[in-house]
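Subject: Structure handover and notes on helix packing

Dear colleague,

Here is the structure for your files. My notes on its helices follow below.

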Amino acid sequence: MGVLVGERARAPQVKQGVRPAAPARDLPLGQILAGDCVAAMRSLPDACVDMIFADPPYNLQLGGDLARPDGSHVDAVTDHWDQFESFATYDRFTRQWLAEARRVLKPAGSLWVIGSYHNIFRVGAAMQDMGFWILNDIVWRKANPMPNFKGTRFTNAHETLIWAAMGEKAKYTFNYRAMKTLNDELQMRSDWVLPICAGPERLKKDGHKVHPTQKPEALLYRLMLATTNKGDVVLDPFFGTGTTGAVARRLGREWIGCEREDGYRDAAMARIELALPLDESALTTMQSPKSAPKVAFGTLVETGMIAPGTRVFDKKRRVSATVRADGSLAAGADTGSIHGLGAKVQDAPSCNGWTYWHIEHEGEAKPLDALRQLYLLATEP
């Protein structure tokens with residue numbers, strides 16, 4: 001099994017009967033293809049995208065409305081697009097979109113699928129049957145999950161993501177060093193604690209959520225930073241309100257979406273237009289040279305609390321550095337984590353980057369640890 005660390009895959013040889021991959025300029029980059037995702041993907045050439053993020057209908061099979069103890073209604077997926085007659089119907093739909101996903105992915109591409117216990121096991125089995133090779137299952141543990149109001153089951157506090165390559169021996173991109181840097185120099189684990197989409201990030205219209213299952217940008221940020229490189233093409237066949245497109249634009253990736261609901265397409269385009277791309281220096285991520293904190297510095301970056309490109313400095317403002325997209329810092333030619341670079345600029349054996357580095361926040365200089373505490377307060381259950 002090959003891993004492309006921070007590299008682009010070599011162009012595959014063209015086999016007889018297989019359409020060659022289209023140049024990126026000929027793809028509908030930055031566009032949302034209207035209509036059913038299977039039909040929309042059929043309009044794309046073979047082997048043309050580097051990563052697919054799929055958030056398919058969960059087929060929740062809800063038995064009636066959900067209500068809180070006070071009687072207020074709980075938003076849940078009761079839309080027509082999540083209605084399937086049977087498991088067999090859902091399985092046929094799953095195999096159809098997976099077949100198109102497999103066709104349009106490059107040989108060294110990655111497929112990410114997210115789901116709940118309602119559907120993820122069925123999707124995962126279909127992926128394996130069709131030749132995908134599962135690399136990891138990721139548990140997204142929600143820092144602020146919705147409780148089980150009926151008290152009849154455990155609180156559903158996580159969702160599962162499957163990361164797969166095209167085959168057992170397929171090459172794929174994994175920016176291991178960037179993930180380690182994002183996690184305060186500790187190897188990134190397969191359980192990720194991130195809050196659900198809330199606050200200003202949650203799109204609303206007339207006081208109601210535009211989409212019931214909008215994913216947090218921090219989640220897509222981590223996926224793209226881990227398994228794509230600048231300029232790669234990311235496809236989202238269930239585009240919804242455009243989280244994938246917004247994050248792709250910020251990180252310098254190209255994107256294509258498929259979405260059949262007019263309202264979602266309109267909301268997505270308006271949102272993506274407001275997503276500001278990061279500058280070149282902030283996009284440069286760490287590459288491989290040669291009990292975890294509750295909050296890594298990279299978490300503050302990927303959740304938007306500290307934007308890539310922000311300047312940080314020591315207490316006396318004698319040394320400054322720039323925050324990069326993967327949570328590393330750059331000071332001139334030197335780069336490293338908040339701790340590693342802090343030690344290097346002081347010529348010291350070690351450094352607590354949380355207290356050494358400061359940032360302008362609300363008109364005054366504050367240590368990074370102050371923003372970490374704000375994050376903890378904002379995400380505590």
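Helix α5 is mostly covered, with 11 of its 11 residues buried. Please keep in mind that this is a predicted model. The buried residues of α5 are Glu217, Ala218, Leu219, Leu220, Tyr221, Arg222, Leu223, Met224, Leu225, Ala226 and Thr227.

Helix α5 (residues 217-227) packs against helix α6 (residues 243-250) at an angle of about 55°, and their axes are 9 Å apart. The two helices are therefore oblique to each other, and the crossing of α5 and α6 is right-handed. On the α5 side, Glu217, Leu220, Tyr221 and Met224 make the contact, and they meet Thr243, Thr244, Ala246, Val247, Ala248 and Arg250 of α6. Sorted by class, the contact of α5 with α6 holds six nonpolar, two polar and two charged residues.

**From α6 to α7**

Helix α6 also packs against helix α7 (residues 262-273): their axes come within 9 Å and cross at roughly 15°. That angle makes α6 roughly parallel to α7, because angles under 35 degrees count as such. The crossing of α6 and α7 is right-handed. Here α6 contributes Thr243, Gly245, Ala246 and Arg249 to the contact, while α7 contributes Arg271, Ile272 and Glu273. By class, the residues in the contact of α6 with α7 are two nonpolar, two polar and three charged.

Thr243 and Ala246 of α6 are among the residues that touch α5, and Thr243 and Ala246 are also among those that touch α7.

**Helix α3**

In helix α3 (residues 120-129), the buried residues are Ile120, Val123, Gly124, Ala126 and Met127. Viewed down the axis of α3, these residues fall within an arc of 160°, so they line one face of the helix. The face of α3 turned away from that buried side carries Phe121 and Asp129, both exposed. Among the elements that cover the buried residues of α3 are α2 (87-104), β6 (105-115), β7 (133-142) and β8 (158-165). After α3 comes Gly131, which has a positive phi, near 105°.

Helix α2, one of the elements in that cover, packs against α3 at an angle of about 45°, with the axes 10 Å apart. Helices α2 and α3 are therefore oblique to each other, and α2 passes α3 in a right-handed crossing. The contact involves Phe87, Tyr90, Asp91, Thr94, Arg95, Trp97 and Leu98 of α2, together with Arg122, Val123, Ala126 and Met127 of α3. The residues of this contact of α2 with α3 divide into seven nonpolar, one polar and three charged. Val123, Ala126 and Met127 of α3 take part in the contact with α2, and these three are also among the buried residues of α3.

**Thr299**

One single residue is worth a note. Thr299 lies in helix α9 (residues 297-302). Is Thr299 buried or exposed? Its relative accessible area is 8%, so Thr299 is buried, the cut-off being under 20%. Apart from neighbours within four places in sequence, Thr299 is in contact with Leu182, Arg222 and Tyr375. Of these, Arg222 is one of the buried residues of α5, the helix that packs against α6.

Regards

Definitions and conventions. Residues numbered from 1 in each chain as written. Predicted model: local features only at pLDDT ≥ 70, side-chain atom pairs only at ≥ 80, totals over all residues. Heavy atoms only, no water. Axes fitted to C-alpha atoms, helices over the stretch in contact; angles between N-to-C directions. Helix = DSSP H or I, 4+ residues; strand = E, 2+ residues; numbered from the N terminus. Parallel < 35°, antiparallel > 145°, perpendicular 65-115°, else oblique. Left-handed = near helix turned anticlockwise from the far one by under 90°. Contact = heavy atoms within 4.5 Å. Nonpolar A, V, L, I, M, F, W, Y, C, P; charged D, E, K, R; others polar. Buried < 20%, exposed > 50% of the residue type's maximum accessible area, 1.4 Å probe, protein only. Arc of directions from axis to C-beta.
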